Amino acid sequence: MPEPGLITSKVRAYMESLSPTARAMLVRSLRSASPEGDLPSEIILAAVEGLEIAEVAEGAGRRRVAAEPWSERLEQAFFAPLGPFLVDDDSGPVFTGEIPRAHLPAIWTWLRRDVASDAWERALAADPLDADADAAPIARKLRREVVPRIIDLLRDGGGDPKLRQKLVGHLGGEAVHRTLSDVATVLQSESAFANLFGQLPANITTFDVAEPSRIADVVRVSLEQVQMTIEWIAAAILARTTNPVVCALLACRLAGTTDPRMVASSRYAALVDIVIARIEQHAALAAARGSDAADRARFLADLRAYHDLAKTFELAFPVESVSAWFRRLSAARGAMSEAVTRRIDGAPGLVRRALRVEVGADGWAGRFDTAAYEDAEFAVRAAIEARLATDTLAVNEVVARVRKQVEQTLEVVSGKLMSDLKSSQARERGPLVDAVDAAIRLSVHVFGDDYAAVMKKSRDNALQRPTRAAAAG
């Protein structure tokens, strides 16, 4: 017969799936209809008690908040050591030390279902039924049981293609399988990573890798005594810095030279590789972005991040003498330049289409095309961002041409729109006003706030004059 604690935890897991209203109805029914001492009812009520809303103080009053389910707290605590390496965007290439957060639910499900259902049941049964209880100790025990099994499965799959393919299928794909390997590495060396992070500054800057550098000593110890790989050490350093170029500077410090060729032939070359990989990643992400609003915003962020990192890296660590590194940077430059050109080349035509307004019998016909305006605004913003990044892109000629054409197009079209607004006698001129407002917004990007402010004043003055149709009415 299952242990009582295990039964209670399973019942509670079911209760977690119910809405608060459904749980309340069930509790009322049990309390009114079940005889005193009825064991099944008592088990259900005990499980529900663990989900009761807890009182928390806030100022002079109190409010009620729902306790986080024990199963969710266990999951979070189990994966807690991965925190420094988690990334939210897995749409581009993922490198050693980058663990996509989106893959963890699939790995967690696989662990509970296929790897260690017995260990999971024991961890679930260990629920203290206390909303404030720390799940970390139970999660650590679960990791000690589960991680060796994961390592064995990965090792077996590495020697048997059929076993590997079976594991990939259970996980849900190659990407999750790659992530599982990194997850296993971190969890297997949990104490080593904790020790490394304990010795690294919270925010590593270029000053931290200058001579004398305590970080260089920490890295040497991690390599030689702890037997960590340079790739994982680099990933740990990247987790603690906003400037990835510190990895390349650290490579010079460790190798005792600023000559890129000597660094490239040293055991510390991976510290430079990972910086170049980040530059390549920004270019790949930008090239893969779609056309919805979120992806457009991410594209602009990718472009800025690419430029900032590529420029800083090239100034700090010129790599022309190392052909492999130079080719990689040139390829990333070409990929980002192509992605930018594809998005800005049609900007003049998009501006013209976005500001087009048709005249009908009773006024300005149709509706203002919001989608067309969003297309034009994005192309204009991308062109401006590209102009700021010409040092790291091969788009100077394209950017100069597009900017000139956009300025001419916007000046001519917005001038005509403003003239039409001032002379309009139509009763219905809403689409015309919308187009003028759109031209003002684009002018902020292209010509600046002062120019747009003059346009806005002209627009307001034109709207204060009543139309002839309105005066006649």
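Q: Leaving aside its neighbours within four places in sequence, which residues is aspartate 302 in contact with?
A: This is a predicted model. In it, aspartate 302 touches His282, Leu285, Ala286, Arg289 and Met336, with neighbours within four places in sequence left aside.

Q: And where is aspartate 302 placed?
A: Aspartate 302 lies in helix 16.

Q: Is aspartate 302 buried or exposed?
A: Aspartate 302 counts as buried because its relative accessibility is 7%, and the cut-off for buried is under 20%.

Q: Which other residues of helix 16 are buried?
A: Among them are Asp295, Arg296, Phe299, Leu300, Leu303, Tyr306 and His307. Leu309, Ala310 and Phe313 are buried as well.

Q: What do the buried residues of helix 16 pack against?
A: They pack against helix 13 (245-255), helix 15 (269-288), helix 17 (323-344) and helix 19 (370-388).

Q: How many residues does helix 16 have?
A: Helix 16 spans residues 293-316, which is 24 residues. From first C-alpha to last it reaches 35 Å, close to the 34 Å expected.

Q: Changing topic, at what angle do helix 15 and helix 17 pack?
A: The angle is about 15°, and the axes are 8 Å apart. Helix 15 is therefore roughly parallel to helix 17.

Q: Is that crossing left-handed or right-handed?
A: The crossing of helix 15 and helix 17 is left-handed.

Q: What kinds of residues make up the contact of helix 15 with helix 17?
A: There are 14 nonpolar, one polar and five charged residues. Ile276 and Ala283 are among those from helix 15, while helix 17 contributes residues including Trp325 and Met336.

Key:
Residues numbered from 1 in each chain as written. Predicted model: local features only at pLDDT ≥ 70, side-chain atom pairs only at ≥ 80, totals over all residues. Heavy atoms only, no water. Helix = DSSP H or I, 4+ residues; strand = E, 2+ residues; numbered from the N terminus. Expected span 1.5 Å × (residues − 1). Buried < 20%, exposed > 50% of the residue type's maximum accessible area, 1.4 Å probe, protein only. Contact = heavy atoms within 4.5 Å. Axes fitted to C-alpha atoms, helices over the stretch in contact; angles between N-to-C directions. Parallel < 35°, antiparallel > 145°, perpendicular 65-115°, else oblique. Left-handed = near helix turned anticlockwise from the far one by under 90°. Nonpolar A, V, L, I, M, F, W, Y, C, P; charged D, E, K, R; others polar.
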